[in-house]
Amino acid sequence: MTAPSELRVSKDRRLLAVTFPGEPPFEFTAELLRVLSPSAEVQGHSPEQRVTVPGKKDVAIARIEPVGNYAVRIVFDDFHESGIFTWSYFMTLGREKDERWQSYLDELAAKGLSRERR
């Protein structure tokens, strides 16, 4: 997988644009990245263990740290920092963003959870 040519965090730290060579940028909200983090804390070790993370509407990106030549670790202002976002995961997430976001919203509704912090 080719590395992105650019990772750009917005001034308010709530949006990350990831640009791969020859592709239009994928834009991800910090909330989407936080609730769909590839970490075991969120994804579990099997689909049955996946956690629906509520209350992250106002989360922001604190910093981004390189992990070798294949990924970055995104540290969020709620101190979540265990997700390793590979270039492949960004590409998949960019292509499936709308479907994955809707699935997340559906899960919240089904579980009586909210995007708002309580």
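This text walks through the structure from its overall fold to single residues.

The model is predicted: local features need pLDDT of at least 70, side-chain atom pairs count only at pLDDT 80 or more, and totals for chains, interfaces and linings use all residues. Residues are numbered from 1 along each chain as its sequence is written, and side-chain values use heavy atoms, with hydrogens and water left out.

Start with the chain. Three helices and six strands make it up. Helices (H or I, at least four residues) and strands (E, at least two) are DSSP runs, numbered from the N terminus. Read from that end, the order is β-β-β-α-α-β-β-β-α. The C-alpha trace spans about 40 × 30 × 25 Å along its principal axes. For 118 residues, a compact globule would have a radius of gyration near 13 Å, and the chain agrees with 14 Å. That radius is taken over C-alpha atoms, and the globule rule is 2.2 Å times the number of residues to the power 0.38. Of the 118 residues, 38% are buried. Buried means under 20% relative accessible area, exposed over 50%, and partly exposed in between (1.4 Å probe, protein chains only). Among contacts between residues at least 6 apart in sequence, 44% join residues at least 24 apart. A contact here means heavy atoms within 4.5 Å.

Next come the sheets. Strands of a sheet pair through backbone hydrogen bonds, either parallel or antiparallel. Two strands count as paired if DSSP finds at least two bridges between them. S2 and S3 run antiparallel and are joined by four bridges. In one of the pairings, Val18 has Phe26 in S3 as its bridge partner. Axes are lines fitted to C-alpha atoms, for helices over the stretch in contact, and angles run from 0 to 180 degrees between N-to-C directions.

Another open sheet of three strands has the order S4-S5-S6, also with antiparallel pairing. S4 and S6 (84–86) stand at the edges with a single partner strand each, so one side of each is left without a neighbour in the sheet. Direction ignored, neighbouring strands are turned by 30° against each other on average. S4 and S5 pair over six bridges, with Pro66 opposite Val72 in S5. These two strands form a hairpin with three residues between them. Gly68 sits in the turn and has a positive phi of about 55°. S5 is mostly covered, with five of its six residues buried.

S5 and S6 pair over three bridges, in the antiparallel sense. Here Ala71 stands opposite Thr86 in S6. H3 packs on this sheet too, touching S5 and S6, and its direction makes about 75° with that of S6. Not counting residues up to four places away in sequence, Thr86 touches Tyr70 and Ala71. Its C-alpha atom is separated by 10 Å from that of Pro66, 20 residues away along the chain.

Now look inside. A nonpolar core is a set of buried Ala, Val, Leu, Ile, Met, Phe, Trp, Tyr and Cys residues joined through side-chain atoms within 4.5 Å. The largest one has 26 residues, and those with the most contacts inside it are Phe28, Leu33, Ile74, Phe85 and Phe90. Elements giving two or more residues to this core are S2 (15–19), S3 (26–29), H1 (30–35), S5 (71–76) and H3 (87–110). H3 gives the most, with eight residues. Beyond its neighbours within four places in sequence, Phe28 has contacts that include Leu15, Val18, Leu33, Phe90 and Leu93.

Finish at Thr52. This residue lies in the loop between H2 (40–43) and S4 (61–67). Thr52 counts as buried because its relative accessible area is 8%. Which side chains does Thr52 meet in polar contacts? A polar contact of 2.7 Å joins the side chains of Thr52 and Glu107, and one of 2.7 Å joins those of Thr52 and Lys111. Such a contact is a pair of N or O atoms within 3.5 Å; within protein, one must be able to donate a hydrogen and the other to accept it, and residues adjacent in sequence count only if both atoms are side-chain atoms. Leaving aside neighbours within four places in sequence, Thr52 is in contact with Tyr104, Glu107, Leu108, Lys111 and Leu113.
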